[in-house]
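Thanks for coming, everyone. Please look at the sequence and the structure on the screen. I'll walk you through some contacts.

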Amino acid sequence: MSPSTLSEMLNKLETDGMISRTSDPADRRATLLTLTEKGSSRAAEIKEETRRAFAETFGSLTDDEKQTLITLLRKIPAQDQT
């Protein structure tokens with residue numbers, strides 16, 4: 001991800017009230033990002049939505065089948081997104 005793309009994403013999250021930014025007291029060049037209450041709430045919603053989607057998608061697989069799938073997926077090389 002390019003720095004400009006990351007900056008745009010962070011600006012949007014801050015505008016939407018999902019994160020707050022503060023200067024790092026230990027290093028003034030750095031900025032600390034913190035989830036707001038709204039951001040934490042949304043993160044919990046996303047986690048639950050993801051859990052439900054995985055359960056629906058992979059719920060019919062046995063534990064052994066799930067482990068085999070994980071092993072096979074790890075063999076696929078990641079694509080460079082830059």
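Is E45 buried, partly exposed or exposed? E45 is partly exposed, because its relative accessible area is 40%, and partly exposed lies between under 20% for buried and over 50% for exposed. One caution before I go on. This is a predicted model.

Now, what does E45 do with its side chain? The side chain of E45 meets the side chain of R42 in a salt bridge. The distance is 3.0 Å, N to O. Look at where the two residues sit. R42 and E45 are three residues apart in helix 2, which covers residues 37–58. That spacing is about one helical turn. R42 is partly exposed too, with a relative accessible area of 32%. And this pair is linked to another residue. R42, E45 and E49 belong to a network of salt bridges.

Stay on helix 2. E48 and R51 also meet there through their side chains in a salt bridge. Here the distance is 2.6 Å, N to O. Again, E48 and R51 are three residues apart in helix 2, so about one helical turn separates them. How open are these two? E48 counts as partly exposed, at 31% relative accessibility. R51 is partly exposed as well, with a relative accessible area of 46%.

How many salt bridges does the structure hold? It holds seven. The side chains of E14 and R21 form a salt bridge at 3.0 Å, N to O. E14 is partly exposed, at 35% relative accessibility. R21 is also partly exposed, and its relative accessible area is 30%.

Next, aromatic rings. The count comes to one aromatic pair. Which residues form it? They are F54 and F58. Their ring centres are 5.6 Å apart, and the planes make an angle of 35 degrees. The pair counts as tilted because stacked needs planes under 30 degrees apart and edge-to-face needs over 60. F54 and F58 are four residues apart in helix 2. That puts about one helical turn between them. F58 is partly exposed, at 28% relative accessibility.

Now the strands. Strand 1 is residues 19–24, and strand 2 is residues 27–35. How do they run? They run antiparallel, and six bridges join them. Together they make a hairpin, with two residues between the strands. Opposite S23 stands T31, in strand 2.

On to the surface. M1, L6 and M9 make up a nonpolar patch there. Together they have about 300 Å² of accessible area. M1 lies in the segment before helix 1, and helix 1 is 3–15. M1 counts as exposed, at 57% relative accessibility.

Last stop, T15. T15 is in helix 1. Is T15 buried or exposed? It counts as exposed, because its relative accessibility is 67%, and exposed means over 50%. Now find R74. How far apart are T15 and R74? In sequence, 59 residues separate them. In space, the distance is 36 Å, C-alpha to C-alpha.

Note on methods:
Residues are numbered from 1 along each chain as its sequence is written. This is a predicted model: local features need pLDDT of at least 70, side-chain atom pairs count only at pLDDT 80 or more; totals for chains, interfaces and linings use all residues. Side-chain values use heavy atoms; hydrogens and water are left out. A salt bridge is a side-chain nitrogen of Lys or Arg within 4 Å of a carboxyl oxygen of Asp or Glu. Buried means under 20% relative accessible area, exposed over 50%, partly exposed in between (1.4 Å probe, protein chains only). Rings of Phe, Tyr and Trp (its six-membered ring) pair if their centres lie within 6.5 Å; planes under 30 degrees apart count as stacked, over 60 as edge-to-face and the rest as tilted. Two strands pair if DSSP finds at least two bridges between them. Patches are made of residues with over 30% relative accessible area and no salt bridge: like charges are joined within 9 Å, nonpolar side chains (Val, Leu, Ile, Met, Phe, Trp, Tyr) within 5 Å. Accessible areas come from the Shrake-Rupley method with a 1.4 Å probe; for residues, only the protein chains shown count as cover.
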